Amino acid sequence: MFERRYQTFKRTVNRLMDRTGSPPELWFLCMCYVAYIFNRISYLSLNFRQPHLVATGRTMDISPILAFSWMEPVYYKQHDSTFPSDSPESLGYFVGFSEHVGHLMTFKIWNKDTNKILDRSAVRSAL
């Protein structure tokens, strides 16, 4: 069963990276993104329970999964903007969930210009 699940996981990561044109250096973040989702969706083999629930006894909220998709362009709030000359927002790309920073709706944002990953909760879609 593990081998089958790993094949599905690997295939999902590869398709996601290919179909979104993700740069190769983001492969680990893509794996974390897919693992986050796979651990929070229910499976028939687990009697329609989440793997996280089976492992820990806690049902996890899926709200963050519904907010953005992988490599979706987003605007995030800058912490270092100077009023009023600069825009308080910058363009970035959604690359995951910040599980250990901030509240539940804190996301990892990739800034293409600086090639840095930022944790932000003030985020809106650019689509």
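The structure is a predicted model, in which local features need pLDDT of at least 70, side-chain atom pairs count only at pLDDT 80 or more, and totals for chains, interfaces and linings use all residues. Residues are numbered from 1 along each chain as its sequence is written, and side-chain values use heavy atoms, with hydrogens and water left out. The chain holds 4 helices and 5 strands, where helices (H or I, at least four residues) and strands (E, at least two) are DSSP runs numbered from the N terminus.

**Overall fold**

- Along the sequence, the elements follow the pattern α-α-α-α-β-β-β-β-β.
- Taken along the principal axes, the C-alpha atoms fill a box of roughly 55 × 30 × 25 Å.
- Of the 127 residues in the chain, 33% are buried; buried means under 20% relative accessible area, exposed over 50%, and partly exposed in between, with a 1.4 Å probe and protein chains only.
- Among contacts (heavy atoms within 4.5 Å) between residues at least 6 apart in sequence, 44% join residues at least 24 apart.

**Strands**

- Strand 1 (residues 73–77) pairs with strand 2 (residues 89–97) in the antiparallel sense over 5 bridges; two strands pair if DSSP finds at least two bridges between them.
- Within this pairing, V74 stands opposite G92 in strand 2.
- Strand 1 is also joined to strand 5 (residues 123–125) by 3 bridges, and these strands run antiparallel; here Y75 has R124 as its bridge partner.
- Strand 2 and strand 3 are antiparallel and pair over 4 bridges, with F97 opposite F107.
- Strand 3 is mostly covered, since 4 of its 5 residues are buried.
- Strand 3 and strand 4 run antiparallel and are joined by 5 bridges, and I109 stands opposite L118 in strand 4.
- The hairpin of strand 3 and strand 4 has 4 residues between the strands, and N115 there takes a positive phi near 60°.

**Helix 2**

- Helix 2 has 12 residues and reaches 16 Å from its first C-alpha to its last, close to the 16 Å expected at 1.5 Å a residue; the expected span is 1.5 Å times one less than the number of residues.
- Its buried residues are L29, C30, Y33, V34, Y36, I37 and F38.
- These buried residues pack against helix 1, helix 3 (51–56), helix 4 (63–67), strand 2, strand 3 (107–111) and strand 4 (116–120).
- M31 is found in helix 2, and this residue counts as partly exposed because its relative accessibility is 28%.
- Leaving aside neighbours within four places in sequence, M31 is in contact with F9 and V13.

**Largest pocket**

- The largest pocket contains about 230 Å³ of space, a volume being the space filled by probe spheres set on grid points that are joined across faces, edges and corners.
- On a 1 Å grid over the protein atoms alone, a pocket is an open set of points where a 1.4 Å probe fits, with protein on both sides within 12 Å along at least five of seven lines; lining residues have an atom within 4 Å of a point.
- The lining has 11 residues, of which R5, F38, N39, Y43 and P51 lie nearest the centre of the pocket.
- Helix 1 (2–20) and helix 2 (27–38) are the elements that give two or more residues to this lining, and helix 1 provides the largest share, 4 residues.
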